[in-house]
Amino acid sequence: MNGEPTGATAVIDLGAGWQDHQPGPDRPGLRAALRPLTALVAVALVLALGGAATGRRLDELAAITLSPQGDFQIIGDVLVVRDAGRLAGYSLDDGTQRWNIALPGTAGSGLTPAGTVPGLMVTEMQDTATNRRTTYAVDVVTGAIRWQDGLPMTPLADVAVAIWSTSEDRASMQVTVRDVRTGGPRWSAQNVLPAIDYTAAFRDQGQVQIWTLQTTGELTSHDLRDGRVLRRHRVDLGGAVPVDLNIIGDELVLETVAGDAKTMARYSTADLTPIPLTAPFVRRTECGAFWCVSSQSAEQEQAVNPVEIVDKATGVVRRRFAGGSFVVPTPLGLLVAGPDPGSIGSPATALLDASTARPLLDVAGWEVYLAFAASATVLVRGAGPGPGQVAWLTPEGLDLAQLPVPLERCAFSARAVACPRPAGMLTIWRLTG
């Protein structure tokens, strides 16, 4: 499939937005239905976390050679390893190699799960001779290349999106959307300034919106999957040039430039009514029976308000945490992480029942693992050159295990972990018992 743009290509990095700490984002692979624990189970978990027991046994499944330039990621029940111009898949059940294919060039992007489509990944490689970049969609079960494209495609929901330009003018970007399963074209837009609702895209919240603004002031909301127009609105630009468009929470933020003067306008994404520039920026996300709400002053960038757990039915604030904290819904409960970075993740602040917001157990001394890609929610303890402890959060409780290597750059699945060793090896372990 030929999607190679001509001329110099300026690329918007679609992968950055999801890394921003927001309250209550659903991570891919986490269940929406969260179960409360009985008091007896909660007490047992407190004892388990606070004690020195090593917990479940980890069985070593395989040791794979990995060069310093190698990369790896767990996608579904497969460990995908990219190294020395090849891409290989290893089973997380027994460690055996499932497939091995040539994928020449240098890595242009990470190994990314294909949005909400299981068993598929997307990656970008750059030809060392021509500098041409190619996006590949690979079946992680068989190793088959489903499709490839010359555009920098990023998977969102069940589509792959490229936002690019042949010039440096951000108001003249091109949007190309393909079916992530087949690479077939869905829709496209030319000479627009785009903004995507990344939160909805990564959480698979049904309809995902992309907004496009033309230099004429035509502001349009499309369904990201098929380009269908959802609503239109004309913005009076007054001769100013639009330079940036973003979605923050439930609002659109538009920046324009006229001469040396830069202006900002804010609109509700629901009905495009104007929002006062002095109003705080508010993010509200799903957290079980609650909303997880954070806000920040529009006039004082450093003034971050507390993160609040708000009852959906009554509007009552049930819990407050320090500004900059974020909440992760997990199969066990609402996991709260503090704003200050830890040694290998973010310090765990609380684990709350998703139905009542009551504390389930004391997680002091543990960190929410964010240092490397993880497709399961885990807590870690014991950063440094020695072994570390891991606690998997599951619907039934916590699975604790002692990891025989340092925690740095480990990738986790629901029952397995892969970590590099200093001797140029990548080892797979699996929870047993």
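The legends below describe close-up views of a predicted model.

Residues are numbered from 1 along each chain as its sequence is written. Local features need pLDDT of at least 70, side-chain atom pairs count only at pLDDT 80 or more, and totals for chains, interfaces and linings use all residues, while side-chain values use heavy atoms, with hydrogens and water left out.

**View 1. Confidence along the chain.** The predictor's confidence in each residue is given as pLDDT, from 0 to 100. The chain averages 83. A score of at least 70 is reached by 84% of the residues. Residues 1–48 stay under 50. For that stretch the model has 105 contacts beyond four places in sequence. A contact means heavy atoms within 4.5 Å.

View 2. The structure holds two disulfides, each a pair of cysteine sulfur atoms within 2.5 Å. Such a link is a covalent bond between the sulfur atoms of two cysteines. Here Cys-287 is joined to Cys-292, S to S 1.9 Å. The torsion about the S-S bond is about -120°, so this disulfide is left-handed. Cys-287 is buried, at 0% relative accessibility. Cys-292 is buried too, with a relative accessible area of 0%. Buried means under 20% relative accessible area, exposed over 50%, and partly exposed in between (1.4 Å probe, protein chains only).

**View 3. The disulfide between Cys-410 and Cys-419.** Cys-410 is joined to Cys-419, S to S 2.0 Å. The torsion about this S-S bond is about 115°, so the disulfide is right-handed. Cys-410 counts as buried at 0% relative accessibility. Cys-419 is likewise buried, with a relative accessible area of 0%. Counting bonded cysteines along the chain, the disulfide pattern is 1-2, 3-4.

**View 4. The four-stranded open sheet.** The strand order is S22-S23-S24-S25, with antiparallel pairing. Strands are DSSP runs (E, at least two residues), and helices are runs of H or I with at least four; both are numbered from the N terminus. Two strands pair if DSSP finds at least two bridges between them. S22 (281–287) and S25 (317–321) stand at the edges with a single partner strand each, so one side of each has no neighbour in the sheet. On average, neighbouring strands of this sheet are turned by 20° against each other, direction ignored. Axes are lines fitted to C-alpha atoms, for helices over the stretch in contact; angles run from 0 to 180 degrees between N-to-C directions. Seven bridges join S22 to S23 (residues 290–296). The bridge partner of Cys-287 in S23 is Phe-290.

**View 5. The three-stranded open sheet.** The order is S19-S20-S21, again with antiparallel pairing. The edge strands are S19 (241–248) and S21 (261–268), each pairing on one side only. Neighbouring strands of this sheet are turned by 20° against each other on average, direction ignored. S19 and S20 (residues 251–258) pair over seven bridges. Leu-245 has Leu-254 as its bridge partner in S20.

**View 6. The largest nonpolar core.** This core has 18 residues. A nonpolar core is a set of buried Ala, Val, Leu, Ile, Met, Phe, Trp, Tyr and Cys residues joined through side-chain atoms within 4.5 Å. Val-390, Trp-392, Leu-403, Phe-412 and Val-417 have the most contacts inside it. At least two core residues come from each of S31 (378–381), S32 (388–394), S33 (397–403), S35 (416–421) and S36 (425–432).
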